[in-house]
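Hi,

Here is the model I promised to pass on. Have a look at it first, and then read my notes below.

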Amino acid sequence: MGAPEPDSEKFLPSAPLKAAAEASNLREASIMSIAALLAIALSVSSPVARPEVKDIDAFTRKAMARVEIVPGLSVAVVQGPDVVMTAGYGVADLRTGKTVDADTCFYIASATKAFTALSIARMAGRGELSLDAPVKTWIGSSPLPADIASSTSLDDLLSHRSGLDNASISFRAAYSGAHTPRTMSALLADTRRSYPYGTFRYANTGYNLATTLIEDRFARGWRTMVDREVLRPAGMIHTTARIDQARRRMVVAAGHMPGPDGRMTVSPLQKINATMQSAGGLVSTARDMARWLQLQLNDGVVDGRRVFPPGLVASTHHRLVSQQAAFGPYTRDGYGLGWQTGRYGDEVLIHHFGNFAGSRTHVSFMPERGLGVAVMANEDALAGEVVDLLANYIYDRFAGRSDLEAYYEGELATLTARRDKRMKGLTASRAERAARPWSLARPTKAYVGAYQNPSMGRIDIAENDGLMVVTIGPMSSRAEAATDPESVRVELIPLTGQIIRFEAPGQLIYDGQTYVRQ
């Protein structure tokens, strides 16, 4: 998800011995700082009673200690109508040392899509709009191109089969935060079909288009829509798209990443209200995610009370488009309304994951077994897969896997080896980039200014202590040397390289778009 990676240097496949040794030393320093906090911060918020819970708790503690670099993690497990476990481990923020519990908020990223889709499905159930009819039947006057409006439904948009693209709306919504309802409405005109209709291609675009059209028609922003249609009825009182307010009244886990010295640090890119968007824009807690899983497993019933009409929640799990893909140990055969459909082993697994700039989330359930799991962590670059590993352990523990402990001992070893390889590659990549010659022909001050693209918005180039700094909304990065002339490399999205090329005086190209200095 997110902006394309024109400079794919996130990790190099191999590293010099010197870089490997440096990475090992830096990792050890990072481990020491986190381990000291983990030693006092591990906690479980629900009584440890059932044998399964005791084993899950023990394995989670072991995984956190072995993986070492994930500061904090929360877990929710549901079986049928019952909450089996909600727990918090580690710390929410290395700067403060605040511990994680069942009411600590984590950014759930793309797992938001299931909430957005359910809220739209609920509106459709009341007849306010249609899921399967062309959007032209309900949007009224709109800048959306007429041929697209007459051939695209909400089902198409929400299941990623529309073939549509609108880079400006998606970028502004998730990254720059430079938008108003009027701006987004006008940008609907930029929508184009970029691949064949009916082909599954996962992206944020369909959700951003759907909620922009709904706000245009009903003057109802996606935050209000999700609050009214889903969160309030479900009693999910700690789940919100208003992250700035959440930080003032709750503990919100910060995304983390390895810093320049190898130590784990808070990611420089954190979500703000303006970049919380309908395809990835909620924070939630283990306790609230347990309620969410109960609603999925029991077709809209929680606490013995029917929250949503019969069949509504279940309808979002139905496959609307086919795919043939694998994600780690999971197979994926389709996508419904905000949910991936597929299998873990022989079991049907409805699931959605999410990651962004140091946050990683796993949400899944097995409808045939009546079992659901949510795991959220505040690190994703080096060992974010720990959330999937923990979910798999839970499913296998409930299934009574005979070689459970031995198998997952091996899986932990594989994960830690992968972590070490990534750290070494990251260290080597940073060293290689630092050795590059600067490729800009003119002094930095010659490039300073505000550059504008009518669709994408603004890029600011500044000079700070002789260094070039590039800023787009909440994203900011010191420029590094690039391999091509008149180019620089930036990490506006942490650990993901992007290239800015200065084509002519007062003009640059970023992500294939031309910006002109004002």
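R247 is partly exposed at 36% relative accessibility, where buried means under 20% relative accessible area, exposed over 50% and partly exposed in between (1.4 Å probe, protein chains only). The side chain of R247 meets that of D244 in a salt bridge, with 3.6 Å from N to O. By salt bridge I mean a side-chain nitrogen of Lys or Arg within 4 Å of a carboxyl oxygen of Asp or Glu. D244 is partly exposed too, with a relative accessible area of 26%. D244 and R247 sit three residues apart in helix 10 (residues 243-249), so about one helical turn separates them. Helices (H or I, at least four residues) and strands (E, at least two) are DSSP runs, numbered from the N terminus.

Before going further, the bookkeeping: this is a predicted model, so local features need pLDDT of at least 70 and side-chain atom pairs count only at pLDDT 80 or more, while totals for chains, interfaces and linings use all residues. Residues are numbered from 1 along each chain as its sequence is written, and side-chain values use heavy atoms, with hydrogens and water left out.

Searching the whole structure gives 31 salt bridges. Another one pairs R401 with D396 at 3.4 Å, N to O. Here R401 is partly exposed, at 31% relative accessible area, whereas D396 is buried at 9%. Then there is D460 with R458, whose closest N and O atoms are 2.8 Å apart. D460 comes out as partly exposed at 25% relative accessibility, and R458 as partly exposed at 45%. Elsewhere, salt bridges with shared partners tie R122, R126, E128, R220 and E229 into one network.

The chain as a whole

The chain has 14 helices and 25 strands. Its radius of gyration is 23 Å, close to the 24 Å that the globule rule gives for 518 residues, so the chain is as compact as a globular protein of that length. That radius is taken over C-alpha atoms, and the globule rule is 2.2 Å times the number of residues to the power 0.38. Along the principal axes, the C-alpha atoms fill a box of roughly 70 × 60 × 40 Å. Of the 518 residues, 58% are buried.

V488 stands opposite I500 in strand 23. These two strands form a hairpin with two residues between them, and L495 in the turn has a positive phi of about 65°.

Strand 23 also pairs with strand 24 (residues 507-510), again antiparallel, over four bridges. In that pairing F502 stands opposite L508 in strand 24. Two residues lie between the strands of this hairpin, where G506 takes a positive phi near 80°.

Pocket and cavities

Grid points are joined across faces, edges and corners, and a volume is the space filled by probe spheres set on the points.

The second largest pocket has a volume of about 620 Å³. It is lined by 26 residues, and those closest to its centre are P260, R430, R433, R478 and E480. Helix 14 gives the largest share of that lining, six residues. By class the lining has 13 nonpolar, six polar and seven charged residues (Ala, Val, Leu, Ile, Met, Phe, Trp, Tyr, Cys and Pro count as nonpolar, Asp, Glu, Lys and Arg as charged, and the others, Gly among them, as polar).

How many cavities of 30 Å³ or more are there? The count is three. The largest cavity holds about 80 Å³ of space, and of its 13 lining residues, Y107, G255, Q270, K271 and S359 are the closest to its centre. Its lining divides into eight nonpolar, three polar and two charged residues. The second largest cavity holds about 50 Å³, with a lining that includes H160, R161, Y195 and R201. That lining has four nonpolar, four polar and two charged residues.

Cheers

Key: 1 Å grid on protein atoms, 1.4 Å probe; cavity = no way out; pocket = protein on both sides within 12 Å on 5 of 7 lines; lining within 4 Å. Pairing = 2+ DSSP bridges.
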